[in-house]
Amino acid sequence: MKGKIWVVGVGPGSPEYFTQKARKAIKGSDILIGYDLCLNAARDLIHDKTIIEMTWSNRDETLDYIKKEMTSGKNCSILRSGDPNFSGSSGIEDIYDRFPDAEIIPGISSVQVAAAKSKLSWDKIVLLTFHVTEDLENKKQSLLDSVRRREIVLLLSESRFMPKDVAKFLLSGGVDEKMPTTVYENLTLKNERIFHGNLKELAGKDFTYLSVVIIGK
Ligand SMILES: C[S@@+](CC[C@H](N)C(=O)[O-])C[C@H]1O[C@@H](n2cnc3c(N)ncnc32)[C@H](O)[C@@H]1O
C-alpha cells in the first residue's frame with residue numbers, strides 16, 4: 001500500500017488533550033475517519049481534509065473505502081476517543097487486522113482524566129468497562145464483588161448500563177446506600193458535569209452514556 005495509516009487517540013474531547021503526535025498524524029493525513037465526538041475533538045485541524053463520519057452502519061464500507069484510497073497513495077487517520085487501546089465500543093482488533101502496518105498513536109483516556117480529578121492511583125483501583133459485546137452479567141457480578149470487598153471501582157458506563165442503573169444494581173445487591181459515588185460526565189467538554197454524592201442519590205439522577213463512574217470514593 002502506498003499511503004500511510006494512523007489510528008489516533010484524540011483524548012476525551014477537548015483539543016487541549018491532543019498530543020503533538022496526534023496533531024502530526026492528522027496534519028499528515030488526507031482523509032480522517034471517526035465518530036462525531038472524535039471528529040469534533042479534531043475540529044481545529046480538519047479544514048483541508050476529506051472527512052468521513054463513521055457510524056455503526058457504515059463502518060465496514062468506510063474501512064474498505066480507505067483501504068482503496070491508500071492504494072492510490074492517500075494517507076488516512078482513524079480517530080478514536082481517549083486512548084485507542086482502551087474500551088473501544090466497536091472493537092479495535094479488526095482495524096489492526098485489516099491494517100497491519102497502521103501506526104497507533106496513544107491518547108489521553110477519559111479514565112486518566114477522571115482518575116486525576118479524583119486523585120486516584122490507577123494501581124489501587126479496579127477498572128471496569130461496560131463497553132463490551134457480550135452479556136453484561138459477569139461484569140456486573142465483578143463490580144458487585146469488588147464493591148463488597150470495599151475496593152474503589154472506576155467504570156465506563158454504557159447505554160445498557162447507565163450511571164443510575166449502576167446505582168440501582170448495587171443497591172439491589174445490598175450495598176450501603178451511603179456508599180460515596182462520583183460521576184464525571186462530558187469530561188473536558190464545555191458541558192462537563194460532576195456529581196459527588198452517594199448511591200441512593202445517583203439512583204435518581206440522569207447522565208448520558210459519556211460518563212465515568214467512581215464507586216467508593
Ligand atoms: C467506547 S468507550 C471509549 C473509551 C476511550 N477509548 C477512552 O480511553 O476514554 C466510551 C466511554 O468512555 C467514556 N468516555 C469517553 N469520553 C468521555 C468523556 N469526555 N467524558 C466522560 N466519559 C467519557 C464513557 O464512559 C463512554 O461511554
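Let's start at helix α1 (residues 20-27), where Ala22, Ala25 and Ile26 are buried. Because these three cover an arc of only 95° around the axis (taken from the directions from the helix axis to the C-beta atoms), they sit on the same side of α1. A residue is called buried if 20 or more other C-beta atoms lie within 10 Å of its own, exposed if 12 or fewer, and partly exposed in between, with C-beta atoms placed from the backbone. Helices (H or I, at least four residues) and strands (E, at least two) are DSSP runs, numbered from the N terminus.

A word on the source: this is a predicted model, in which local features need pLDDT of at least 70 and side-chain atom pairs count only at pLDDT 80 or more, while totals for chains, interfaces and linings use all residues. Residues are numbered from 1 along each chain as its sequence is written.

Back to α1: the face turned away from its buried side carries the exposed residues Gln20 and Lys27. The buried residues of α1 pack against β1 (5-9), β2, β4 and β5 (103-105); contact here requires C-beta atoms, placed from the backbone, to lie within 7 Å.

β2 runs parallel to strand β3 (residues 50-53), joined to it by four bridges, and Ile31 stands opposite Thr50 in β3. Strands pair if DSSP finds at least two bridges between them. β2 also runs parallel to strand β4 (residues 76-80), with three bridges joining them; here Ile33 stands opposite Ile78.

Now zoom out. The domain assignment of the protein chain, which is automatic or from a database, gives domain 1 (5-108) and domain 2 (111-215). The contact between them takes nine residues from domain 1 and nine residues from domain 2. Their C-alpha centres lie 28 Å apart.

Finally, two loop residues have backbone angles to look at. Arg150, in the loop between α6 (137-148) and β7 (153-156), has a phi near 65°, a positive value in a residue other than glycine. Arg150 is exposed, with 8 other C-beta atoms within 10 Å. Thr188, in the loop between β8 (180-185) and β9 (193-198), also is not a glycine and has a positive phi of about 70°. With 17 C-beta neighbours inside 10 Å, Thr188 counts as partly exposed.

Technical notes. Contact = placed C-beta atoms within 7 Å.
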